[in-house]
Structure formats: C-alpha cells, structure tokens
Amino acid sequence: MGSFQRCLDYGGDKGQHIPAELAYEKIVYEVSRPDSPQIRDIGKVDIILLNHVLEHLPYFDEVFADLRACCHAETYLYVEVPLESFDVFHEHVNMFSPTSLKKLLTINGFNVIKSQVKIVDLITLKLYIVTGK
C-alpha cells in the first residue's frame, strides 16, 4: 500500500495511530466521541482503518453498511484484530479466527485480497486488507 488521498480511521480515538505518510487527508470517526463527524457525511475515502475495533462491537450490520457507504470501487479496508481465545476474561465481546473474520467481511460485501497472521510485541494479530466493493 502506498499513499492515499483520504483515510478514515474508524474507532481511531484522536487519529494518533494513522501513519503520517499514509494519506493526505485523515478523518477520524470515534464511536465514543459525540463530536465525531457523522459517518455517512464523510463521503468516499481511499482507505479505511479498523485497528482493534471489531472485537469490541456487539453488532456489525450497521457498521459495515456505514463503511460500505464510504467506499468507492478502489477503497481498501485494513482490519486488525487480536488472535485470542475465550480462555482469558477481558472487554472483548468478539473473537475471530482467520476463517471467521474472512467470512464476516465477505458476508458484509468486502472482497478479501490479502490476509496474514503476524506476531507483534508478543501479541498475535491478524492483518487483513480487503477491497470495499
């Protein structure tokens, strides 16, 4: 992935995790902040980041519908979630295997073009890049 014109960081706090070189325009939608822009008012973006968000959401249909509304034919969706099990109690309401995450994205209208499991700081993370349409 190179540089993009418009980047949406969904659930990105204040946007501090968006690499400076990733996009010219950086838009942050934080679910817990009432001053976030309305997701459907953002318009089309070139890349959407979902870094450690899906494991906290109790529902997906509305979120994915909102995200699809921000996609054009060449939009990328980057999803990162922890690879974990139910053996440990914490605030995550969802846990994903590589297969279940791919199925969730596919059912919700995204085309998975690359996926991998990667170890980062002793935590196993799954990284997915998918097209938005």
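Here is a short tour of the structure, one selection at a time.

Keep in mind that this is a predicted model, with local features taken at pLDDT of at least 70, side-chain atom pairs at pLDDT 80 or more, and totals for chains, interfaces and linings from all residues. Numbering runs from 1 along each chain as its sequence is written, and side-chain values use heavy atoms, leaving out hydrogens and water.

**Stop 1: the core.** Select L8, Y10, I48, L50, L54, F64 and L67. Of the 27 residues in the largest nonpolar core, these touch the most other members. A nonpolar core here is a set of buried Ala, Val, Leu, Ile, Met, Phe, Trp, Tyr and Cys residues joined through side-chain atoms within 4.5 Å. Buried means under 20% relative accessible area, exposed is over 50%, and partly exposed lies in between (1.4 Å probe, protein chains only). Now colour by element: strand 1 (4-10), strand 2 (23-29), strand 3 (45-51), helix 1 (61-69), strand 4 (71-82) and helix 2 each supply at least two core residues. Strand 4 gives the most, with 4 residues. The elements are DSSP runs numbered from the N terminus, with helices being H or I of at least four residues and strands E of at least two.

**Stop 2: helix 2.** Go to residues 98-107 and show L101, L104 and L105, the buried residues of this helix. Look down the axis: they fall within an arc of 95°, so they line one face. That arc is taken over directions from the helix axis to the C-beta atoms. On the face turned away from the buried side, pick out the exposed T99, K103 and I107. Just past the helix, G109 takes a positive phi of about 90°.

Stop 3: Select C70 and C71. The structure holds 0 disulfides. C70 counts as buried, at 1% relative accessibility, and C71 is buried with a relative accessible area of 1%.

**Stop 4: K114.** This lysine is found in strand 5 (residues 111-120). K114 is partly exposed, at 46% relative accessible area. Draw a distance from its C-alpha to that of K102, 12 residues away along the chain, and you get 10.0 Å.

Note on methods
Disulfide = S-S within 2.5 Å.
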